[in-house]
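Walk me through this model, please, one region at a time.

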Amino acid sequence: MRMPNLSLPPPAAAAPLDEGQALGVWRLEKPLPDGEQAHAGQWYSAHHGRAAEQKAAVLVLDRSDQGAGVMLRYADQAGDLASLQHPHIAVPSDSGVTPDAHPYLIIEGSHGEPLLPQLHQLSLRQRIELLVQLCEALRSAHQQGWLLAELDPAMIWLDADGNVRLMGLGLARIPDPTDPFDRGLSLGAAPAFTAPERRDGAPPSLASEVYGLGAFARVLICGWEDTPRGLAPMRGSSADQWPRLSERLQLQLDALLRATMAEAPELRTRGAESLADELREWLGQAPKRSALAGRTRAARDQLPWWKRWLRPQSP
């Protein structure tokens with residue numbers, strides 16, 4: 001039997017779409033800059049064609065292997081993602097293909113705009129408070145069985161109330177390291193935000209998530225540069241951007257940042273939960289008591305493996 005000839009559209013960057021362009025029931029409003037020169041697609045604000053007050057964010061992806069991977073993963077996880085609940089996490093609710101064959105994802109609701117183009121308006125304290133919010137959102141995601149397998153700065157937004165919003169395209173079910181067939185469903189983060197063990201083929205983990213968070217923290221605190229492979233954080237001291245910071249606070253913050261991006265996973269800050277507590281302590285606030293604190297060893301051993309990982313075993 002002879003197989004039919006299939007002609008697939010060639011790879012192409014997403015061309016700009018006009019205001020009013022219809023994508024299913026949604027109508028595009030304006031493109032949203034995300035602060036990156038190299039990225040996988042273009043964000044737009046949108047409204048419902050029959051109810052203009054209903055808003056959405058639309059990501060039109062490049063026609064590429066990466067874009068195809070995003071769509072395949074969304075198709076695989078859509079049902080589970082819909083059950084993930086947190087006020088600072090938004091997940092896709094619909095998908096489709098533009099008339100020129102570019103895949104797109106719809107995230108319903110009013111979510112603000114990408115954070116990086118607005119970063120210059122924020123003080124150091126405000127930036128760190130947003131990092132705490134992001135880590136707390138991931139604390140909740142962990143408790144629901146999810147982690148941020150890949151961190152792309154373009155997916156971190158600032159809403160109208162000044163709160164962080166994680167556009168959860170990089171979320172994946174936490175893989176079980178004891179299961180050789182459970183490797184997670186990760187497409188690959190922006191290179192500068194990818195932990196060394198992930199570059200060597202290891203599955204996503206809570207330790208690799210911390211590495212990505214540390215890279216993003218460096219972007220917010222130390223600045224960034226655009227490279228041909230995407231955005232990359234500056235590696236200098238926090239004092240380079242914040243010269244009025246006291247030496248004590250600068251040394252503490254630099255040490256905190258280094259710990260998140262240690263080469264060896266076991267040497268990194270122990271989870272987004274611990275990072276939130278350390279950042280809050282740096283801000284002079286009382287650390288939030290860990291959801292796992294106070295449990296007996298027997299109770300802790302009954303938890304899923306990934307919750308036990310969040311806290312070192314007591315002697």
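Strand β13 (residues 224-227) and strand β14 (residues 230-233) run antiparallel and pair over four bridges; strands count as paired if DSSP finds at least two bridges between them. With two residues between them, β13 and β14 make a hairpin. Strands here are DSSP runs of E with at least two residues, helices are runs of H or I with at least four, and both are numbered from the N terminus.

A word on the ground rules: this is a predicted model, so local features need pLDDT of at least 70 and side-chain atom pairs count only at pLDDT 80 or more, while totals for chains, interfaces and linings use all residues. Residues are numbered from 1 along each chain as its sequence is written, and side-chain values use heavy atoms, with hydrogens and water left out.

Zooming out, the protein has nine helices and 14 strands. Among contacts (heavy atoms within 4.5 Å) between residues at least 6 apart in sequence, 62% join residues at least 24 apart.

Now for the inside. A nonpolar core is a set of buried Ala, Val, Leu, Ile, Met, Phe, Trp, Tyr and Cys residues joined through side-chain atoms within 4.5 Å. The largest one has 50 residues, and Leu-115, Leu-171 and Phe-216 have the most contacts inside it. Elements giving two or more residues to this core include α2 (124-143), β11 (164-167), α4 (206-222) and α7 (271-282). The largest share, 10 residues, comes from α2. Leaving aside neighbours within four places in sequence, Leu-171 touches residues including Arg-73, Leu-81, Val-91, Leu-138, Trp-146 and Leu-166. Apart from this core lies another, of 16 residues, with Trp-43, Ala-57, Met-71 and Ala-90 among them.

Which rings pair up? The structure holds one aromatic pair, and it is edge-to-face: Trp-43 and Trp-157 lie 4.8 Å apart centre to centre, with 75 degrees between the planes. For the cut-offs, rings of Phe, Tyr and Trp (its six-membered ring) pair if their centres lie within 6.5 Å; planes under 30 degrees apart are stacked, over 60 edge-to-face and the rest tilted. This pair links distant parts of the chain, with Trp-43 in strand β3 (residues 41-48) and Trp-157 in strand β10, 114 residues apart. Trp-43 counts as buried because its relative accessibility is 1%, and Trp-157 counts as buried at 1% too.

Notes. Buried means under 20% relative accessible area, exposed over 50%, partly exposed in between (1.4 Å probe, protein chains only).
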